[in-house]
Structure formats: C-alpha cells, structure tokens
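I opened this structure to look up a few local features. My notes follow, in the order I took them.

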Amino acid sequence: ALWLSLTTIAAAQLPQIKLNALFPNGAQAGTAVDVTVTSGVDLEELNKLHFSHPGITAAQKMQDQGGKPVPVPKQFTVTVAANVPPGVYEVRAGGLYGQSNPRVFTVGARKELVETEPNNTTEQATPLELGVTVNGRINGATDVDCYKVTAQQGQRLLVECLAKRIDSKLDGSLELYDLNGKRLAAVRANVA
C-alpha cells in the first residue's frame, strides 16, 4: 500500500484565459473606439488585444494616479486603419495566463454609434439618422431599446440585426411603430 501511495502523480492545470465578450465589438474603418472586455475567465493582468488583421490595433487605456500612469483594467482604445476592409475579424485577449480564445470584432464602412441608456420607452427613444450602425447591448432579460428615425411615406427601410452572426446570444425582435403608437410591423429574428 505504501508503494502505491508513493507512485500517485499529482495533476494540476494552470488557469486558461477565456474571452466571452467585449463592448462594443466593432468599429468603423478609419476610426478609434474605446472597448471594454465585459466578460471572461482568468482575466488577471489583462494587457493586450490581438486582432487577425494587422490594420486593427489596441492600446491599453491609462489613467493618472498620483502623477503616475496606471492601466485602466479591461479597457482599450482600438484603432481601425482606413484601409481595413469591412468584415468580421478575430480578436483575442492577452494577460497573465496567456492568450484567449478568439471572439468576433466587426469593421464597417458606416458611421457607428454606441447605445446610450435610458432608451427603454418610446418617450426616451434615441434619434437616429439613416445609414448608421448601432452597437447595443441588452441589460437584463426584459431590456428594450427604442430608436426613432424620420422617413417618408413609402420609403423602404432596411434594419439588420447581426446578433448571432457576431457571437451574440441575443435572439432579437423588431417592432415598428408610427408617431401615433400604432404598430406597423414586427419580426422576431430566430435564425442565425
């Protein structure tokens, strides 16, 4: 019995960084955007974001603390060069426990906005110009985000919710109302 207890091998595994989400997870080509890593595992000493396109770079945000620059945890300024083609790219986080799994980062050609709360009711609806990309997020199971646009009678509007195509778990729906609060159309996006 003593011999068996001496031959037992202790197995241990080091932590492995896992990137679950960042926000916003996209930017317009030719711009810079502040990005926060919002979810993950073993993110200690997170200090890098690596992208699959060399024209997308990130620098950790810094803050002044007693005259000394100190990194802001999980926050980066991502710069997308003007010549980066619109598309879907990979992003990985780097920190104390190595490099993470890939997640999606999108680059677009249109102006991009980040959702601002409160916008949960039609009275709080965020005004939008046509032809923009909105980076939004759901803050709880019953969160609703309202936007308002100006359109002409008979004008065709196209709204696209990328959600699952960019690694989101959102199963979104869209409802369109007129100025009097009458619902004109509704669709639930339950396809990838």
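**Strands and their partners**

I started in β6, where the bridge partner of Gln 63 is Val 70. I kept in mind that this is a predicted model.

How many bridges join strand β5 to β6? I found nine, with β5 covering residues 56-65 and the two strands running antiparallel. I then looked at the hairpin of β5 and β6. Two residues sit between its strands. Gly 66 in this hairpin takes a positive phi near 65 degrees.

Next I checked β6 against strand β3. β6 spans residues 68-80 and β3 spans residues 32-41. They pair in the antiparallel sense over five bridges. I have β6 down as a partner of β5 and of β3.

**Rings**

I searched the whole structure for aromatic pairs and got one. The pair is Phe 51 with Phe 105, in an edge-to-face arrangement. I read 5.2 Å centre to centre and 70 degrees between the planes. An angle over 60 degrees counts as edge-to-face, so the label holds.

Where do Phe 51 and Phe 105 lie? I placed Phe 51 in strand β4 (residues 48-51) and Phe 105 in strand β9 (residues 103-108). The pair therefore ties together parts that are 54 residues apart in sequence. I also checked burial: both Phe 51 and Phe 105 are buried.

I looked at another ring, that of Phe 23. Arg 137 lies over its face, at 4.0 Å from the ring centre.

**Pro 24**

I located Pro 24 in the loop between β1 (18-23) and β2 (26-28). Is Pro 24 buried or exposed? Its relative accessible area is 3%, so I logged Pro 24 as buried. The cut-off for buried is under 20%.

I took one distance from here. Pro 24 and Met 62 are 19 Å apart in space, C-alpha to C-alpha. In sequence, Pro 24 and Met 62 are 38 residues apart.

**A surface patch**

Last, I went to the surface. Which residues form a nonpolar patch there? I listed Leu 130, Val 149 and Leu 157. Together they have about 220 Å² of accessible area.

I followed up on Val 149. This residue lies in the loop between β13 (147-148) and β14 (173-177).

Definitions and conventions: Residues are numbered from 1 along each chain as its sequence is written. This is a predicted model: local features need pLDDT of at least 70, side-chain atom pairs count only at pLDDT 80 or more; totals for chains, interfaces and linings use all residues. Side-chain values use heavy atoms; hydrogens and water are left out. Patches are made of residues with over 30% relative accessible area and no salt bridge: like charges are joined within 9 Å, nonpolar side chains (Val, Leu, Ile, Met, Phe, Trp, Tyr) within 5 Å. Accessible areas come from the Shrake-Rupley method with a 1.4 Å probe; for residues, only the protein chains shown count as cover. A salt bridge is a side-chain nitrogen of Lys or Arg within 4 Å of a carboxyl oxygen of Asp or Glu. Helices (H or I, at least four residues) and strands (E, at least two) are DSSP runs, numbered from the N terminus. Two strands pair if DSSP finds at least two bridges between them. Rings of Phe, Tyr and Trp (its six-membered ring) pair if their centres lie within 6.5 Å; planes under 30 degrees apart count as stacked, over 60 as edge-to-face and the rest as tilted. Buried means under 20% relative accessible area, exposed over 50%, partly exposed in between (1.4 Å probe, protein chains only). A charge sits over a ring if NZ of Lys or CZ of Arg is within 6 Å of the ring centre and within 35 degrees of the ring normal.
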